[in-house]
Amino acid sequence: MKAFAALYAALDETTRTGEKVDALARYFAAVPPEDAAWAVHFLVGRRPKRLVGARRLVEWAMEATGVPEWLFAECYDAVGDLAETIALLLPPSGASSPLPLHAWVERLLSLRGEDEAAQRAELLRAWTELDGPQAYVWNKLITGSFRVGVSQKLVVRALARVGDVDEAAVAHRLMGAWDPTPEFFLRLLGADTRDADVSRPYPFFLAYPLEAEPHTLGEAGEWQVEWKWDGIRAQVIRRRGQTFIWSRGEELITERFPELAQAASLLPDGTVLDGEIMPWRDGHPLPFAQLQRRIGRKLLGPKILAEVPVVLLAYDLLETGGEDVRDRPLAWRRAALETLLASTPTAGRFLPSPLAPVEGWDGVRAAFGEARARRAEGLMLKRAESPYRVGRRRGDWWKWKVEPFTVDAVLIYAQRGSGRRASLYTDYTFAVWRDGELVPFAKAYSGLTDEEIRRVDAFVRRNTVERYGPVRAVKPELVFELGFEGIQRSPRHRSGVAVRFPRMLRWRTDKRPENADSLETILAMLDG
């Protein structure tokens with residue numbers, strides 16, 4: 001536990017990628033596989049569900065610290081993170097646990113199913129055995145909020161260095177379902193890279209935003225041009241008579257899309273498709289919000305399946321006949337994909353992602369101008385000779401997105417953020433005008449510089465007019481330009497509309513609140 005807490009601190013204290021990878025590599029090389037496996041589990045974002053309710057945790061923390069409820073609440077309000085608040089308030093234990101990480105994880109998991117008295121006794125005992133940094137990490141694990149500034153890509157890089165194995169092989173082994181056992185960790189570093197279990201997806205290849213005019217990429221004939229869709233990126237796997245559908249977030253979503261699973265049963269064994277799950281009717285996409293209606297339901301009845309039918313717009317063929325073909329050129333993979341889908345009766349559930357019919361870069365620009373009318377986000381430009389790589393790499397795949405919708409809106413509510421922003425008001429609610437009244441329209445928390453965030457935070461503190469729990473209503477004085485990707489009508493929202501991916505583009509210090517946009521302006525975008 002001491003080594004893991006030191007690793008957490010080292011990762012949290014630097015923003016330099018090289019230093020993070022060095023710290024990870026030193027840790028993985030020094031600790032036993034039992035600890036390393038759990039460290040990988042937590043560092044790539046997998047964590048146990050919260051095993052102790054927040055209310056109980058607060059009660060026992062107040063008991064351990066002797067802090068009254070009002071003072072604990074004030075401290076929590078200032079810190080913004082429950083795990084850190086408890087760690088800061090705990091009296092120095094004078095101890096530093098020599099137990100390894102895996103032993104502490106076993107103690108953590110043993111809380112599941114225990115009665116309240118047993119959980120209380122274990123937590124109070126644990127806090128007396130841990131020093132400050134250890135207690136902080138332990139609390140993070142208990143609350144299910146363990147996060148640190150490191151990406152899975154950096155973990156992969158460190159593991160590849162320690163095991164002297166290709167990064168792509170490590171990334172592949174981390175995909176899908178696995179248990180954090182010593183055996184699994186040793187397989188992660190294994191030199192034989194031919195392993196792949198029946199359900200495991202491949203790491204997704206991700207595109208970079210286009211950084212210059214498309215003609216700077218060379219000859220247009222060297223590129224495949226597709227429409228960029230707004231759905232759920234997924235891989236459909238058919239191996240050994242079984243079907244698995246994985247999202248890009250490494251979530252197994254087979255049961256969420258039974259019609260795709262049924263159609264996939266007709267694919268040849270040893271097939272892996274990469275594509276976008278889209279709500280689709282009569283040859284056209286439906287708004288993403290329709291897909292969200294399905295995602296949010298535990299049970300999918302005939303009514304919702306009929307109202308929101310889905311297809312997989314297949315981008316790529318990653319495996320055929322059980323052979324990994326990612327190193328083949330895209331042009332070969334695309335031709336094989338079209339042949340496969342043309343010869344497989346999948347009832348229209350698997351469709352090749354439509355290519356934009358273009359001739360030269362002028363044709364590409366013309367197609368780009370049609371994207372919004374086609375309900376697409378823009379274009380994907382893929383080099384015809386490119387292999388299917390791992391992660392986000394520059395050079396072969398570019399995404400060219402249409403400019404977002406924009407609107408000037410007024411800040412009316414603010415709430416504190418999380419993590420490093422836990423002490424600052426960074427999460428905002430914005431409103432537009434309707435009949436002389438400001439109507440909540442969208443929430444956003446990204447787009448401002450650190451300096452702008454501090455200035456808005458100071459404004460919120462000086463201009464709070466109402467408090468609703470953690471939310472602060474503020475004087476409607478600040479105007480911001482918001483950008484968003486999509487918009488549709490929504491009876492669930494007071495404004496009557498819902499937007500997709502709202503973010504702050506700039507602080508309009510040149511505008512007064514009465515100059516902000518109206519709901520009619522937004523509805524005109526929708527109708528247009």
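D81 caps the N-terminal end of helix α6, with one of its side-chain oxygens 3.2 Å from the backbone nitrogen of A83. Keep in mind that this is a predicted model. Below, we look at that helix, then at a set of paired strands, and finally at some salt bridges.

- Helix α6 covers residues 82-89, and its buried residues are L82, A83, T85, I86 and A87.
- So what sits over those buried residues of α6? Among the covering elements are α4 (54-65), α5 (69-79), α8 (116-129) and α9 (132-143).

**Strand β15 and its partners**
- Strand β15 takes in residues 425-434, and it's mostly covered, with seven of its ten residues buried.
- One partner is β14 (residues 405-416), which runs antiparallel to β15 and is joined to it by six bridges.
- If you want to spot a pair between these two, find V410, whose bridge partner in β15 is A431.
- The strand β16 (residues 437-444) also runs antiparallel to β15, this time with seven bridges.
- Here you can look for F430, which stands opposite A442 in β16.
- β15 and β16 make a hairpin with two residues between them.
- In that turn, D435 has a positive phi of about 55°.

**Salt bridges**
- How many salt bridges does the count come to? The total is 37.
- One of them joins R55 and E59, whose closest N and O atoms are 3.6 Å apart.
- Both R55 and E59 lie in helix α4, four residues apart, or about one turn of the helix.
- R55 is partly exposed, at 43% relative accessible area, and E59 is partly exposed too, at 36%.
- R461 and D457 also meet through their side chains, at 2.8 Å from N to O.
- These two are four residues apart in helix α18 (residues 450-462), so about one helical turn separates them.
- An α-helix has 3.6 residues a turn, so residues three or four places apart point the same way.
- R461 is partly exposed, with a relative accessible area of 43%, while D457 is buried at 7%.
- D510 and R508 form another salt bridge, with their closest N and O atoms 2.7 Å apart.
- Is D510 buried or exposed? D510 counts as exposed because its relative accessibility is 56% and the cut-off for exposed is over 50%.
- R508, on the other hand, is buried, with a relative accessible area of 11%.
- Finally, R107, E122, R125 and E129 are linked to one another in a network of salt bridges.

Methods. Residues are numbered from 1 along each chain as its sequence is written. This is a predicted model: local features need pLDDT of at least 70, side-chain atom pairs count only at pLDDT 80 or more; totals for chains, interfaces and linings use all residues. Side-chain values use heavy atoms; hydrogens and water are left out. Buried means under 20% relative accessible area, exposed over 50%, partly exposed in between (1.4 Å probe, protein chains only). Two strands pair if DSSP finds at least two bridges between them. Contact means heavy atoms within 4.5 Å. A polar contact is a pair of N or O atoms within 3.5 Å; within protein, one must be able to donate a hydrogen and the other to accept it, and residues adjacent in sequence count only if both atoms are side-chain atoms. A salt bridge is a side-chain nitrogen of Lys or Arg within 4 Å of a carboxyl oxygen of Asp or Glu.
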